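Visitor: Please present the model, and then let us discuss its chains and its confidence in turn.

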Amino acid sequence: MRSVWATLLSVWLLFAVIAVLAWTRQQPAPSQSPVIVVKGKNGTQMLVPATTAATHATTRTSPVAAG
Amino acid sequence: MIAATTSTAVPVAWLVARAAGLTALALLSASLWLGLAMSVRLLAPRRQKVLMGWHQTLMWCGLSMVALHGISLLLDPVMHFSIAVVFVPGLAPWRPLAVAAGVVTAWLMLALASSFHVRRRITQRRWRLMHYAGFAAFALALGHGLTAGTDLRGLTGLIVAGVLAAPAVWLVYARILVPRPQPGRRPVTPGAV
């Protein structure tokens, strides 16, 4: 019975430490952010950082309803 | 043609290796504390057997974590540790002394854990002498964690080392200072004269 308790204690301790290490893991550097591989027609490859699309701004305003 | 790839995968082997190493250090420390508590006779004699059982079991659990630590390092795609590096001290290309301390600790722990089962074959005196290797194993494990590990750096490492070593140091002092009862002699209690 003691062995069972000791094994449970050890495994839970291991899981707890893994959780803490994973939680405090440093985020990857910006250079390691997701990239998009763009393949050209002639077989060349180019890595392009995958950035979120910018919100589209408009300079035109909706016309005010007449009246 | 556009193909998206990501490089944000979780390094599972590396996380398990670090966690198993830290868990092994904690279990080895707990086993050492219990062994010293037995030696100091901190608890009543009828509790000594329970302490002995936990002392032995925690040592084997710690050894299991050491095995997981080694296996995870073997599987880690970054470290490129071979089987020889994990088993033979001094072969590691990365921080050889610090890694060697860890390998020697593992062998010492295996010897100590096995010694419980051959206690009757080797004499009690030899078993006790062999048990002093536990102090070396603890010191080497702590040194390995502080110098080879990436988690026990700076102030965090010092705090963890202090927390783990303080009970051991206190119990060693208690063992040295507190007189051990002589066999066959009744302990003198205050007011009995």
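**Confidence and architecture of the predicted model**

Visitor: What is the mean pLDDT of chain B?
Guide: This is a predicted model. In chain B, 89% of the residues reach a pLDDT of 70 or more. The mean pLDDT of chain B is 85.

Visitor: Where in chain B is confidence lowest, among its helices and strand?
Guide: Helix α4 (residues 96–115) of chain B has the highest confidence, at a mean of 94. At the other end, with a mean of 44, stands strand β1 (residues 2–5) of chain B. Over residues 1–7 of chain B the pLDDT is below 50, although this stretch has 12 contacts in the model beyond near neighbours in sequence.

Visitor: How many contacts beyond four places in sequence does the model have for residues 187–193 of chain B?
Guide: Across residues 187–193 of chain B, pLDDT stays under 50. For contacts beyond four places in sequence, the model gives this stretch one.

Visitor: What percentage of the residues in chain A is buried?
Guide: Chain A has one helix and two strands, and its elements run α-β-β from the N terminus on. Burial requires 20 or more other C-beta atoms within 10 Å of a residue's own. Of the 193 residues in chain B, 33% are buried. Of the 67 residues in chain A, the buried share is 6%.

Key:
Residues are numbered from 1 along each chain as its sequence is written. Chains are lettered from A and ligands numbered from 1 in the order in which they are written. This is a predicted model: local features need pLDDT of at least 70, side-chain atom pairs count only at pLDDT 80 or more; totals for chains, interfaces and linings use all residues. A residue is buried if 20 or more other C-beta atoms lie within 10 Å of its own, exposed if 12 or fewer, and partly exposed in between; C-beta atoms are placed from the backbone. pLDDT is the predictor's confidence in each residue, from 0 to 100. Helices (H or I, at least four residues) and strands (E, at least two) are DSSP runs, numbered from the N terminus. Two residues are in contact if their C-beta atoms, placed from the backbone, lie within 7 Å.
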